[in-house]
Amino acid sequence: MDEATQFGFANVNWNLISAELRVQVLELSHQAKAAHLASALSCIDILAVLYESILAFDPSDPNWPDRDRFILSKGHAAAALYAVLARQGVLDSSQLATYGKANSLLEEHPSPNLPGVEAATGSLGHGLPIANGIALASRIQKKSFRVFALLSDGECNEGSVWEAAMFAARHKLSNLCAIVDFNKWQATGRSQEVLALDPLADKWRAFGWAVEEVDGHDHRQLESKLLAKPGQLPRMFIAHTVKGKGISFMEDDNNWHYRVPTREEINIARVELGLA
Amino acid sequence: MRNAFAKAVNDLADDHSDIVLLAGDIGNRLFDEYKKNHPERFYNCGVAEAGMTGIAGGLAASGLHPITYTITPFNTVRCLEQIRLDICYPNYPAIIVGTGAGLSYAGLGATHHSMEDIGLMRMLPNMHVVCPGDAVEVRLAVRAAVELKRPVYIRLGKKGEPQVHSQIPDFTIGKGVILEHGTDVALLSVGNMLSVANEVSTRLRKFGISPCLVSLHTIKPLDDELLSQLFLDCKKVVVIEEHGLAGGAGSAILEWANAKGVDASKAVCFGVKDAFLTACGSQEEARCLLKLDADSIISSVQEYF
């Protein structure tokens, strides 16, 4: 096995994976008339890298006790999670087709009753404290599973995020890795204008975390950073992203926080993504 | 009660290696024994109740059995949404312990009073609400909650409450404990009102009224069988709780009576009216102000006989 294969770099066509996942997310939004499309598009590359290359898990046994855990703390991007779980075979296509329909377990925010979902998120500020508990449990049980949590930048408005930040630093939860999908928007405005978010990376450093800034759409960069061996501290990746990434008329346009694409818009997007 | 809790959780942690105790920066020295015996299963989560409850959710999600402990309003009202979503929604085995029920910390002011916790906790699906009446019941309640492996809220007083039970009663979550049998009036005591209710019972008997004294330690689920019997047998069913009348045990019993089709007009609820208590001294003095003392309850009950 050469080094590239060993570390997961080889033969992954990230562009194709990324395009297919984006089309899936567009279709899900259209099918369910569900909001938060742009939020899902801004983090889909991060999810793709985590599930393709980083997380140890068994698609046929989502509750395998030794699995690495991923918590989508920004639960409003549920469609991105469903698309990735379907690609990994945790969900099948018939389940995906129920998204947003009556009696479906696939709700617009992830339900703990759905296999593959680690926490009920959607109310912001819950994922990181839960991730602390999971990281602590791994340590108490003398196991080696890790926990990853993806937060939004708007979510960092929540006080509970910073409560969790202090706990993780105090207990040096090095098996915890958090990522902020820093797309510079929240529901009603620029995240820096709603509250004083900057300097976001320095805030996390000041809270005692090992912080790195990354390009949240550069799969290979994400992969190599996430594969790096952690030190003594909990890790935070501030991932610079573009809301609505990948579809020209959605990029950095916050109207797509709530808008649902028409069939015509999906067709245009498919052409842009090379999947017409 | 809090000493009984500390001893119970220490003893249980010996046999239950999944117990993890989380405290919100209180209980100085209270958990020394536990910390000595189980150092890797105690965490002071700081003055951060939302964060603590989320940690409990993550521990429970990973197969452990967390117990969170801090002052009642901070461990219920403050972190209500974390209890709702991180514990109750996934139906995890986790125990939320509030110390300082009702007016236990009367003198500390309304910030530390707890008149809403029973109501809020019983509104949460999957939650069990347990209010032990004395130190004996605390030990039994903690053991029962650990064995239940579901979301449980345990409402403690503080320390030094009179011990009412002279022997160890049968204790099951969801089943009231009958301390005295009687046929005229049922006295349903909730949590730390047990010693007051016990005094009410003793003195009513001297007046020729026959009370059935019950420690109704579980408010959710209610003891359907016992309540049905008491509403059938007794002229009045008196609920005594150090909690707001809105949403508390009395309110729960009125809802139960309405749903059951029994005569809800038999119920008489003693609790706290819809107001903050802004001037008070000790717990006993506050109870007198609010007519939750034995004298006040006895004279009200006597009017029905």
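What pLDDT does chain A average, and what share of the residues score at least 70? I started there, since this is a predicted model. Chain A averages 95, and 96% of the residues score at least 70; pLDDT is the predictor's confidence in each residue, from 0 to 100.

**Ground rules.** I number residues from 1 along each chain as its sequence is written, letter chains from A and number ligands from 1 in the order in which they are written. In this predicted model, local features need pLDDT of at least 70 and side-chain atom pairs count only at pLDDT 80 or more, while totals for chains, interfaces and linings use all residues.

I looked up residues 1-7 of chain A, where pLDDT stays under 50. The model has 5 contacts for them beyond four places in sequence; a contact means C-beta atoms, placed from the backbone, within 7 Å.

**Chain A overall.** I found 11 helices and 7 strands in chain A. These are DSSP runs numbered from the N terminus, helices being H or I with at least four residues and strands E with at least two. The radius of gyration of chain A is 18 Å, close to the 19 Å that the globule rule gives for 276 residues, so chain A is as compact as a globular protein of that length. For my own record, the radius is taken over C-alpha atoms, and the rule is 2.2 Å times the number of residues to the power 0.38. The C-alpha trace spans about 50 × 45 × 40 Å along its principal axes.

I also checked burial: 48% of the 276 residues in chain A are buried. Buried means 20 or more other C-beta atoms within 10 Å of the residue's own, exposed 12 or fewer, and partly exposed in between, with C-beta atoms placed from the backbone. Among contacts in chain A with a separation of 6 or more, 75% join residues 24 or more positions apart.

**One residue up close.** I picked Ala165(A), in helix α7 (residues 159-170) of chain A. Ala165(A) counts as buried because it has 24 C-beta neighbours inside 10 Å. Leaving out residues up to four places away in sequence, Ala165(A) touches Trp204(A), Phe207(A) and Trp209(A). Trp209(A) is 44 residues from Ala165(A) in sequence, yet their C-alpha atoms are 7.9 Å apart.

**Where the chains meet.** I see 22 residues of chain A in contact with 24 residues of chain B. On the chain B side, α3 (49-61) and α5 (80-88) are the elements that give two or more residues, and α3(B) gives the most, with 9. That side divides into 12 nonpolar, 8 polar and 4 charged residues. Here Ala, Val, Leu, Ile, Met, Phe, Trp, Tyr, Cys and Pro count as nonpolar, Asp, Glu, Lys and Arg as charged, and the others, Gly among them, as polar.

**The core.** The largest nonpolar core has 182 residues, and those touching the most other members include Val25(A), Tyr82(A) and Leu22(B). Such a core is a set of buried Ala, Val, Leu, Ile, Met, Phe, Trp, Tyr and Cys residues joined through C-beta atoms within 7 Å. Helix α3 (residues 37-54) of chain A supplies the largest share, 12 residues. Beyond four places in sequence, Leu22(B) contacts, among others, Tyr43(B), Met52(B) and Ile67(B).

**Chain B's domains.** Chain B is divided into domain 1 (2-156) and domain 2 (177-302), with bounds from an automatic or database domain assignment. Their C-alpha centres lie 25 Å apart, and 24 residues of domain 1 are in contact with 29 of domain 2.

How values were computed:
Two residues are in contact if their C-beta atoms, placed from the backbone, lie within 7 Å.
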